[in-house]
Amino acid sequence: MALTLYVDTARWRAHQQTVIQQFPGIVPVCKGNGYGFGHERLAEEAARFGSDILAVGTTYEAARMKDFFSGDLLVLTPFRRGEEPVPLPDRVIRSVSSVDGVYGLVNARVVIEVMSSMKRHGVTEEDLPKLHAAIENVRLEGFAIHLPLDRTDGLDAVEEVIAWMDRLRAARLPLHTMFVSHLKAEELARLQQQFPQTRFRARIGTRLWLGDHDSTEYRGSVLDVTRVAKGDRFGYRQQKAASDGHLVVVAGGTSHGVGLEAPKALHGVMPRAKGVARAGLATVNRNLSPFVWAGKQRWFAEPPHMQVSILFVPSDVQAPQVGDELVAHLRHTTTQFDRLFDR
């Protein structure tokens with residue numbers, strides 16, 4: 001009895017190939033929980049489609065991934081002086097976002113991040129003259145720019161990259177490789193056409209692994225079903241059942257990521273109104289679960305436990321049976337499955 005991630009493997013891999021064909025020289029990204037699939041599985045997939053490089057989030061992830069992937073490993077988190085040293089092979093490439101960071105990585109393979117409109121980290125235009133001396137003692141693999149997902153001011157993504165290419169060229173810095181994030185295929189093609197001497201490599205994670213939503217599905221096994229009458233007390237907090245129905249215990253709790261959700265950026269009146277409504281229901285202990293039964297997401301009977309959740313199914317709906325599986329709408333990047341099943 002488990003929370004299972006079912007993968008339509010043929011469909012999932014067909015989608016991967018579509019993305020790979022759209023982005024020549026793609027740098028697949030495997031960070032965090034491996035986009036819900038796990039590091040080992042994504043390393044296997046990247047090796048299967050012949051990638052020479054895999055991007056990871058941290059040096060700790062690189063230390064684990066080196067045993068699963070034999071190609072280059074690009075660490076996306078920028079180097080900082082004073083960070084805990086982690087033993088890594090020479091095939092690991094470090095990102096760096098400051099001139100001081102470049103000086104701190106003598107003889108290392110590095111990618112220098114430039115400051116984009118994200119304003120998260122990166123070298124600035126004022127830093128460029130200082131880079132000439134700094135890069136003499138490192139093995140420069142290229143520059144990189146991390147672009148925002150949304151562009152509310154209408155600024156064109158390609159124009160932002162071009163502006164940085166012009167700055168780097170004016171500073172007489174090497175432009176053999178530029179790593180980019182969050183560009184469309186046609187935008188990447190425009191850049192490659194305008195700068196034929198530069199190799200553009202798109203770092204892609206979500207679009208590659210999670211772009212076809214229908215190729216994967218989470219399901220939780222039903223472990224127990226108990227009938228309750230209105231007013232019956234149940235659960236850790238012994239609250240009363242609001243009506244007749246069934247308590248359904250299903251695999252999948254907080255240790256799996258069930259009930260844990262990252263904040264979302266809300267745009268527009270309707271999404272904000274729904275957010276306010278959900279918050280209001282939560283104050284009276286009404287929280288919608290991700291589990292679906294009889295065509296509807298069912299309410300948590302109480303907050304999810306560590307490894308299971310208890311749902312309330314009203315009496316006018318036929319209850320599931322022990323051993324049934326309930327589809328669960330879960331976010332891949334915050335979910336940890338018990339097992340993965342290829343089908």
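In which strand does W299 lie? W299 lies in strand β15, where helices (H or I, at least four residues) and strands (E, at least two) are DSSP runs numbered from the N terminus. The model is predicted, so local features need pLDDT of at least 70 and side-chain atom pairs count only at pLDDT 80 or more, while totals for chains, interfaces and linings use all residues. Residues are numbered from 1 along each chain as its sequence is written, and side-chain values use heavy atoms, with hydrogens and water left out.

The overall picture comes before the detail. The protein chain has 9 helices and 18 strands, and its C-alpha trace spans about 75 × 45 × 40 Å along the principal axes. Of its 343 residues, 46% count as buried; buried means under 20% relative accessible area, exposed means over 50%, and partly exposed is in between, with a 1.4 Å probe and protein chains only. Among contacts between residues at least 6 apart in sequence, 66% join residues at least 24 apart, a contact being heavy atoms within 4.5 Å.

UniProt, in an unreviewed entry, places the feature "domain: Alanine racemase N-terminal" at residues 11-153. UniProt positions are given here in the numbering of the model, feature names are shortened, and annotations may be inferred rather than shown by experiment. Over residues 11-153 the chain is 29% helix and 20% strand, with the end C-alpha atoms 37 Å apart.

An open sheet of 8 strands has parallel pairing and the order β2-β9-β8-β7-β6-β5-β4-β3. Its edge strands are β2 (27-28) and β3 (53-56), each of which pairs on one side only. Two strands are taken to pair if DSSP finds at least two bridges between them. In general, strands of a sheet pair through backbone hydrogen bonds, either parallel or antiparallel.

Strand β5 (residues 92-96) and β6 pair in the parallel sense over 3 bridges. R94 has V110 of β6 as its bridge partner, and V96 is bridged to I112 of β6. β6 also pairs with β7, again in the parallel sense, over 6 bridges; here the partner of V111 is G142 in β7. How many of the residues of β6 are buried? The count is 6 of its 6 residues. Both faces are covered, with R109, V111 and E113 buried on one side and V110, I112 and V114 buried on the other.

K119 lies in the loop between β6 (109-114) and α5 (128-134). K119 counts as exposed because its relative accessibility is 66%, and its phi is near 55°, a positive value in a residue other than glycine. Most residues other than glycine have a negative phi.

Helices lie against the sheet as well. Helix α6 (residues 157-170) lies across β6, β7 (139-146), β8 (177-181) and β9 (199-204), running at about 145° to β7. Axes are lines fitted to C-alpha atoms, for helices over the stretch in contact, and angles run from 0 to 180 degrees between N-to-C directions. In helix α7 (residues 185-194), A185, E187, L188 and L191 are buried. Seen down the axis of α7, these buried residues fall within an arc of 160°, so they line one face of the helix; the arc is that of the directions from the helix axis to the C-beta atoms. The buried residues of α7 pack against α1 (9-22), α6, β8, β9 and α8 (206-210).

Q238 has a positive phi of about 55° although it is not a glycine, and counts as partly exposed at 39% relative accessibility.

The strand of the opening question has antiparallel neighbours. Strand β14 (residues 288-293) is joined to β15 (residues 296-300) by 3 bridges, and the two run antiparallel. W293 has K296 in β15 as its bridge partner. The hairpin of β14 and β15 has 2 residues between the strands, and A294 in this hairpin takes a positive phi near 55°. β15 also pairs in the antiparallel sense with β16 (residues 308-314), over 2 bridges, and the partner of W299 in β16 is F312. W299 is partly exposed, with a relative accessible area of 26%. The C-alpha atoms of W299 and P314, 15 residues apart along the chain, are separated by 9.8 Å.
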